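Grab a pencil and have a look at the model below. Try each exercise yourself before you read its solution.

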Amino acid sequence: MRETHSSRDDHPVPDDLSVVFSAAPAPEAEDAAPADAAALTGWPWFLPQDGLRHEDLVHAVDEDPRVAAESLARIPLVRRAVTLLEHIGSGRPLTSEGELDPADVRALAVAMDLDLDEQELVSMREIGAIVGPWNSLIAGKWLSVSGGEVVPGEGMVPAAARSEDPAAFVRFARAVIVLLVLESLGQGGEEGGLFGGSDTFTALLHTVAPDGLLLPATIRIALDQGLVPADPAGDPDMDEINRYWHAERDLGTLAAYGLLHREPLPDGQAVRYLGTVEVLVEAYGALEMFEELD
């Protein structure tokens, strides 16, 4: 089923983002939740019990610019942001809905090596792999929409090439990640962004485990396997079902945008999410910024 993603900029973004690009350790997972998630108590039933600590992972990020640039360049969102900038060039026309026209979208899908499953292309916003970098580049002012076209902008930091200036590329790539997560938190889950509860960010910690994070493929499967906690009446607890749904929905959104890898297992019973330390650190930085702006 296709998923529609919003590309609106509804949340303020500060001009100086230097303090959040891995400049400080991320907050503890239990302190990371917005106020509306505070009522959730107990460890998430769908996550491993041996919780990882983000402070151990922050120090695993390589500070050598060349090594860091190589790692960041492997993240699909970052690669696609570079490809999108190259495709826009000096400017491209937009449709009346403010989207790239179908020919541009098809060209981008080929350039990004996207598998669209032979689906009939209706809207750019149906393809998360394009909407993710689009949202980030618009938010970071690397792209600007004006007069029915999209044109290059100055950008909050230079959109440097990895081969020419690895350190500047690292700064650009980290900014792209931070801004996408920040934008997604601002949109909210109902608008195609992130619900952003503490369970989501706790789950992110587990995506960098050697085997990633395994989740039941659907809530129906979790119910059939007896994994969902019961309420006082002995029925499946709807609050616990919502906890799973919000977190899995968020991970799926981040995977669609190119920040995680989502891999359904062959038996159809579970889904594996694989993340990277680089994404984890910047995601927590974005969360910290979002809470300061809220």
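Predicted model: local features only at pLDDT ≥ 70, side-chain atom pairs only at ≥ 80, totals over all residues.

Residues are numbered from 1 along each chain as its sequence is written, and side-chain values use heavy atoms, with hydrogens and water left out.

**Exercise 1.** Find L259 and work out whether it is buried or exposed.

Step one: locate it. L259 sits in the loop between helix 9 (238-257) and strand 5 (261-264). Helices (H or I, at least four residues) and strands (E, at least two) are DSSP runs, numbered from the N terminus.

Step two: check the accessibility. Buried means under 20% relative accessible area, exposed over 50%, partly exposed in between (1.4 Å probe, protein chains only). L259 has 4% relative accessibility, so it counts as buried.

Contact means heavy atoms within 4.5 Å. Setting aside neighbours within four places in sequence, L259 touches I75, L77, I177, L180, V181, L254 and V279. Take V181: it is 78 residues away from L259 in sequence, yet their C-alpha atoms are 9.3 Å apart.

**Exercise 2.** Work out the strand order of the three-stranded open sheet, and which strands stand at its edges.

Step one: know the rule. Two strands pair if DSSP finds at least two bridges between them.

Step two: apply it. Strand 1 and strand 3 (residues 149-152) are joined by two bridges and run antiparallel. On strand 3, V150 stands opposite R92.

Step three: read off the order. The sheet goes 1-3-2, with antiparallel pairing. Strand 1 (92-93) and strand 2 (143-146) are the edges; each has a single partner strand, so one side of each has no neighbour in the sheet.

**Exercise 3.** Describe how helix 7 packs against helix 9.

Two packed helices are described by the angle between their axes and the distance between the axes. Axes are lines fitted to C-alpha atoms, for helices over the stretch in contact, and angles run from 0 to 180 degrees between N-to-C directions.

Helix 7 (residues 198-206) and helix 9 pack at about 55 degrees, with axes 8 Å apart. That makes helix 7 oblique to helix 9: angles under 35 degrees count as roughly parallel, over 145 as roughly antiparallel, 65 to 115 as roughly perpendicular and the rest as oblique.

Step three: name the contacts. Helix 7 brings D199, T200, A203 and L204, while helix 9 brings R243, H246, A247, D250, L251 and L254.
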